[in-house]
Amino acid sequence: MRIDFPITLNRSIETESPHAVPLNVAESYDGTNVVFRALRLATWGPTLLNLGYYTFGGSLSVLNVMSNMELAQQRLVRKSIDLLQVSPGDQVLDVACGRGKSSFMVQALHPQTTVIGIDLLDRNVQVARTLFDQVGSLSYRVGNAMDLDFPDASFDRVMCLEAAFHFPDRQRFLRESARVLRPGGRLVIVDFAWNSDAERIHRDDPETRIVREIWQWSDFSSIPEYERMGRTAGFRLLSSRDWSQHVTRPIQTLFERLSALGRTSWGRRILAWINPLYRSFSTQDWEQVALAVRGHEHVRRFSKYMAFIFEKR
Ligand SMILES: C[S@@+](CC[C@H](N)C(=O)[O-])C[C@H]1O[C@@H](n2cnc3c(N)ncnc32)[C@H](O)[C@@H]1O
């Protein structure tokens, strides 16, 4: 059945030009849309901006998400850092570090490293500096993933956690990562990806477009495309992991339950009892949540939440 989405799309996601950076990335995180406002109510946001990694799924995942989202977000960072295999003395670059906690965690888990976090948004870097800048050899800068402002071969490890979907030109980001890594260095990218090249066709489905609007992305890369882009950039794909069951599925379950409750007056009373902040949601907000839930479920059918581990040749 075709869904008619009553929304006006932001023109910024319509761009086909890979080099312009017209996506309004800030809008994804500034509370403009109901998805991020709802996530904020579930402890999402102050220091980490990722979806989190949940160890158990099913209906219980709802409680898991609502009570422990911050812990799950830290778990996602820890699992990503594990894939980096950091050694003492390593120079580590955290690309799109958000509000800085992932870079801080690399340094806290591996104190003998030097860590630099960069993010496109000055406001995120300001938060990161305020919260974490006083710790050892850890620093933050404003920077663009597709134009890394560092000399060749200056890092041993590069991490990019749940951000590359925003980048208009991921091939260019991979080339830049290869340039700043030493031979044998490692790149870990955690990102959404179409299951196959053919599934890119769903990029322009109306259901997908609402998800693109919420998260501000123009297109995903496919899983095989990631391997191809890595090879072209000078990497070898060591392995990849599908974390969908632990990341996107529990979040989807949470939003399905929230949306079901938000649609009835007794459900809204239950939500307000669990968390009085949900009183700030209007009937129209709950309608928007319902649309977002349908859109995300559609995208989830054709995509996965992946971790890719690359080695610089
Ligand atoms: C979902 S958040 C993840 C942040 C962080 N990695 C975390 O786990 O908390 C995505 C981040 O990507 C950043 N970003 C988007 N486009 C970027 C670009 N071209 N260069 C650097 N950062 C970018 C956004 O500002 C945002 O902080």
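Predicted model: local features only at pLDDT ≥ 70, side-chain atom pairs only at ≥ 80, totals over all residues.
**View 1. Helices α9 and α11 pack against each other.**
Two packed helices are described by the angle between their axes and the distance between the axes. Helix α9 spans residues 248–262 and helix α11 spans residues 283–302. Their axes lie 9 Å apart and form an angle of about 150°. Angles over 145 degrees count as roughly antiparallel, and α9 and α11 are therefore roughly antiparallel to each other. The crossing of α9 past α11 is left-handed. On the α9 side, the contact is made by Thr248, Arg249, Gln252, Phe255, Glu256, Leu258, Ser259 and Gly262. On the α11 side, it is made by Trp286, Val289, Ala290, Val293, His296, Glu297 and Arg300. By class, the residues of this contact are six nonpolar, five polar and four charged.

**View 2. Helix α2 crosses helix α11.**
The axes of α2 and α11 come within 9 Å and cross at roughly 100°. That angle makes α2 roughly perpendicular to α11. From α2, the residues Val34, Val35 and Arg37 take part in the contact. They meet Asp285, Gln288, Val289, Ala292 and His296 of α11. Four residues of the contact of α2 with α11 are nonpolar, two are polar and two are charged.

**View 3. The largest cavity has a volume of about 380 Å³.**
Rolling a probe the size of a water molecule over the atoms shows where empty space is left. A search of the whole structure finds two cavities of 30 Å³ or more. The largest cavity is lined by 30 residues, and Ala96, Gly98, Asp119, Ala163 and His166 are the closest to its centre. Helix α1 (25–29) and the strands β1 (91–95) and β2 (114–119) each give two or more residues to this lining. The lining of the largest cavity consists of 18 nonpolar, eight polar and four charged residues.

**View 4. The second largest cavity has a volume of about 310 Å³.**
Its lining has 22 residues, and those nearest the centre are Leu51, Phe192, Trp215, Thr248 and His296. At least two lining residues come from each of α2 (34–41), α7 (206–215), α9, α11 and β8 (303–312). Helix α11 supplies the largest share, five residues. In the lining of the second largest cavity, 15 residues are nonpolar, five are polar and two are charged.

Terms used. Residues numbered from 1 in each chain as written. Heavy atoms only, no water. Axes fitted to C-alpha atoms, helices over the stretch in contact; angles between N-to-C directions. Helix = DSSP H or I, 4+ residues; strand = E, 2+ residues; numbered from the N terminus. Parallel < 35°, antiparallel > 145°, perpendicular 65-115°, else oblique. Left-handed = near helix turned anticlockwise from the far one by under 90°. Contact = heavy atoms within 4.5 Å. Nonpolar A, V, L, I, M, F, W, Y, C, P; charged D, E, K, R; others polar. 1 Å grid on protein atoms, 1.4 Å probe; cavity = no way out; pocket = protein on both sides within 12 Å on 5 of 7 lines; lining within 4 Å. Points joined across faces, edges and corners; volume = space filled by probe spheres on them.
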